[in-house]
Amino acid sequence: MKKNTKLNDSLHAVFCTQFAMIYENGLPVEEGLILLSEQDSEINYASILTLYQKDHNLMNALAGVNQFDQLLISSLEIAVQIGKEESILKHLSLFYSRKSNIREALKELLTMPFILFSLLIIILNVLSLIILPIFQSIFINLGGSYPVWINILLSILNIFSTVGLVLLVLFVIWAIFTSVQKMNHPEKNDVIDSILNIIPKSAYKADLAYFTYLVEIMNESGVNQQVALDLIFDYLPKRELYRHLKEVKLESNDNIIDLILKSKIYPSFTQNSIRIAYKSGNLENTLKQVSKEAQLESDKWIEKAFNRIEPLVLFILAIGVGSVLLALIIPLLQAMQTLGL
């Protein structure tokens, strides 16, 4: 495996879980790496072990293999300094697992509409380009003629099916290009991110849930406030929420909670809960609850948005196939009347 191949969220979660177990069981880091390097894994534990043995600095070793994102390395570095490695790693494992699960759920939501749309385009093209011309030729040879409105309907159907086929091909090409670009440049958006961008409300809710969980991790790990702000802005998708937060005027001593309170990104009740928790020192539990609610809200909006696609595609499919059947049945009835049947 190449050193510069970045790990996906699922493998980040695996690494965090495995290292949390190492710290939980009191194993020395080197001994744990030796055990992990013996297993067959996409995580390059052998290279991590080699780099770790040079200066016994785990963060340098993780950065050296160039497989992990900066969020994990920075959070783990702080965790080592404050002696909360096990807790932070478990937290990060849940974070990466959640990200991975969300992406898988989005893929499942998108798969069925894509299949339905593909079937729609294929069926319409077969009907309008192969079956209908044969039937029209037979009907005209028998002396029949199509009503004007049927010809107009068929022309519209031909245009729609042709444009749909072109769009389908272009989408497949774009998806392949975007996937290849993501592999070479991990900071780029993948297909899921790009599709989410065209649904602003769902994208905003997803980003808000992501931001909330990042804040929860930063608070849990005790990261320096300025470092935490930099990390959050580095990893937050550059969409509406990012732009809104960037517009907030912060003082030199302001922290993440000040950013939240000044930006007013949550409902007023949630904003007040965070303010009270911050003043009372019970911020950790409150952020966990806010994070849970933000994730549920995000899931609801995204599922609602994508679930609307399937009925729309089915409706278009019904209109398209119905138009073709109409173009077949009406001339057939005319021919039967002409023949006295």
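Student: Which residue meets Glu24 in a salt bridge?

Tutor: Lys90 does, with 3.8 Å from N to O between the side chains. A salt bridge here is a side-chain nitrogen of Lys or Arg within 4 Å of a carboxyl oxygen of Asp or Glu. The model is predicted: local features need pLDDT of at least 70, side-chain atom pairs count only at pLDDT 80 or more, and totals for chains, interfaces and linings use all residues. Residues are numbered from 1 along each chain as its sequence is written, and side-chain values use heavy atoms, without hydrogens and water.

Student: What does the pair Lys90 and Glu24 tie together?

Tutor: Helices are DSSP runs (H or I, at least four residues), numbered from the N terminus. Lys90 sits in helix 6 (residues 85-141) and Glu24 in helix 1 (residues 9-24), so the bridge joins parts 66 residues apart in sequence. Glu24, Glu86 and Lys90 form a network of salt bridges.

Student: How many salt bridges are found in the whole structure?

Tutor: Six. One of them pairs Glu297 with Lys205, at 3.7 Å from N to O. Glu297 belongs to helix 14 (residues 283-307) and Lys205 to helix 9 (residues 200-221), so parts 92 residues apart in sequence are tied together.

Student: Is Lys205 buried or exposed?

Tutor: Buried means under 20% relative accessible area, exposed over 50%, partly exposed in between (1.4 Å probe, protein chains only). Lys205 is buried at 16%. Glu297 is partly exposed at 27%.

Student: Where do Lys288 and Glu284 lie?

Tutor: Both are in helix 14, four residues apart, about one turn of the helix.

Note on methods
Helix = DSSP H or I, 4+ residues; strand = E, 2+ residues; numbered from the N terminus.
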